[in-house]
Amino acid sequence: MFEIEKTEERVILAGVCTGQESETEESLDELAELVRTAGAVCAGCVVQKRERIHPGTYVGTGKLRELKDLLWETEASGIVCDDELSPAQIGNLREELNTKVMDRTLLILDIFAARAVTSEGKIQVELAQLKYRQSRLTGYGTSLSRLGGGIGTRGPGEKKLEMDRRLIKSRIAKLNRELKEIKNHRQVTREQRQKEMLPVIAIVGYTNAGKSTLLNRLTGAEVLAEDKLFATLDAVTRGYRLGSGQEVLFTDTVGFIRKLPHHLVEAFRSTLEEAKYADVILHMVDASNPQMDMQMHIVYETLQSLGVQNKPVITVFNKQDRLGEPAVLRDFKADETVCLSALSGAGLEELEEKLEKVLREQKIPVRHVFPYRDAAKLQMIRRYGELLKEEYLEEGIAIEAYVPIRVYEQLFAEKEQ
């Protein structure tokens, strides 16, 4: 019997520091984590401090020689650059180094392609990949060969490059149509939820902040949760009943990351926009990560680009079980903050209290005596609102409650008429 040994791909990381060195180091640490998530091994790292990225080869000639030597010494099979490369930069680096050249965007797209499970996720990833490749067809050399010059080489055939471009354009158009149908279906589902009047809580945050772990802990959703970047891509919605009896819907969303490829943002817009239509934003933060403040900034920046504004935000400082000493954790943009561990479940009661408080602020306080013939309305209050007190009197049922505006209108519609 033959034993086939699985070989791990080894790559060299390359980065250019145009600002603060600490930011570049943090970005490269994250790039190394992305490489690990993709299933490769980081064999070395090269950083160059420059005023701006080299337009032709990303790094200067001195660092090119250093990269070439490091590739030979470590027997690495390619390099990964920490920024999105232009077609010219990719072509020039391949020619100079004679190795596989990848950029941050391609790496993230590769991870997304491996993690996509649902048909919607697969369509979104393929669309992002094709848009990325479409702009990089030119400059790939003889692999996308044109018709040659000279006698006997001319013919009526279509150029390979033009054919590739046409096929990609056709496939993108088809995927856009499929995605539009899915978007319409998502809109119908969203409208149905609005009719049910159940509050929607969107769980957002930096990748690997513990969003899926929290959803699993609360609702038993059994979503894949790993200590890796982008463990899950597909938006998952599950129902949950708070301690007060209020029914809510939790929606998990795609994790954010610095330098998130714009092709991915566009492709996953319909999924990410779940936060736009939510009643409450649950912002998950990895409190054990030294780059926590930067990650929070990127999340708010991404939410703003998606048009998510004027929503109540509860910031959850997760992974408290990893903190050695108690730390002062603040988020001045949040309405409420809570510290917990989604893994152990510690702090979940406080989270529920904060959720009920924020949801209560969106409701109308009601004190009323319903005649016994309207007793069915109490069930509506229990499901969609918060029933604080009920007392059975001779003239009817006296209640104190908080209810959403739409429920309030339904409760007293007949009376107003």
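Helix 4 and helix 5 are roughly antiparallel to each other, because angles over 145 degrees count as roughly antiparallel and the axes of these two helices cross at roughly 155°. In this predicted model, helix 4 spans residues 104–115 and helix 5 spans residues 119–134, and their axes come within 9 Å. The crossing of the pair is left-handed. On the side of helix 4, the contact is formed by Thr105, Leu106, Leu109, Phe112 and Ala113. These residues meet Val125, Ala128, Gln129 and Tyr132 of helix 5. By class, seven of the residues in this contact are nonpolar and two are polar, while no charged residue takes part.

Helix 4 also packs with helix 1, which covers residues 21–37. Here the axes lie 10 Å apart and the angle is about 35°. The crossing of helix 1 with helix 4 is again left-handed. Helix 1 contributes Ser27, Glu30, Leu31, Leu34, Val35 and Thr37 to the contact, and helix 4 contributes Arg104, Leu107, Ile108, Ile111 and Arg115. The residues of this contact divide into six nonpolar, two polar and three charged.

When neighbours within four places in sequence are left aside, Leu214 is in contact with Ile203, Leu282, Met284, Ala342, Leu348 and Leu351. The C-alpha atoms of Leu214 and Asp252 are 9.3 Å apart in space, with a separation of 38 residues in sequence.

At the level of the whole chain, 14 helices and 13 strands are assigned. Among contacts in the chain with a separation of 6 or more, 67% come from residues 24 or more positions apart.

Conventions
Residues are numbered from 1 along each chain as its sequence is written. This is a predicted model: local features need pLDDT of at least 70, side-chain atom pairs count only at pLDDT 80 or more; totals for chains, interfaces and linings use all residues. Side-chain values use heavy atoms; hydrogens and water are left out. Axes are lines fitted to C-alpha atoms, for helices over the stretch in contact, and angles run from 0 to 180 degrees between N-to-C directions. Helices (H or I, at least four residues) and strands (E, at least two) are DSSP runs, numbered from the N terminus. Angles under 35 degrees count as roughly parallel, over 145 as roughly antiparallel, 65 to 115 as roughly perpendicular and the rest as oblique. A crossing is left-handed if the near helix is turned anticlockwise from the far one by less than a right angle, and right-handed if clockwise. Contact means heavy atoms within 4.5 Å. Ala, Val, Leu, Ile, Met, Phe, Trp, Tyr, Cys and Pro count as nonpolar, Asp, Glu, Lys and Arg as charged, and the others, Gly among them, as polar.
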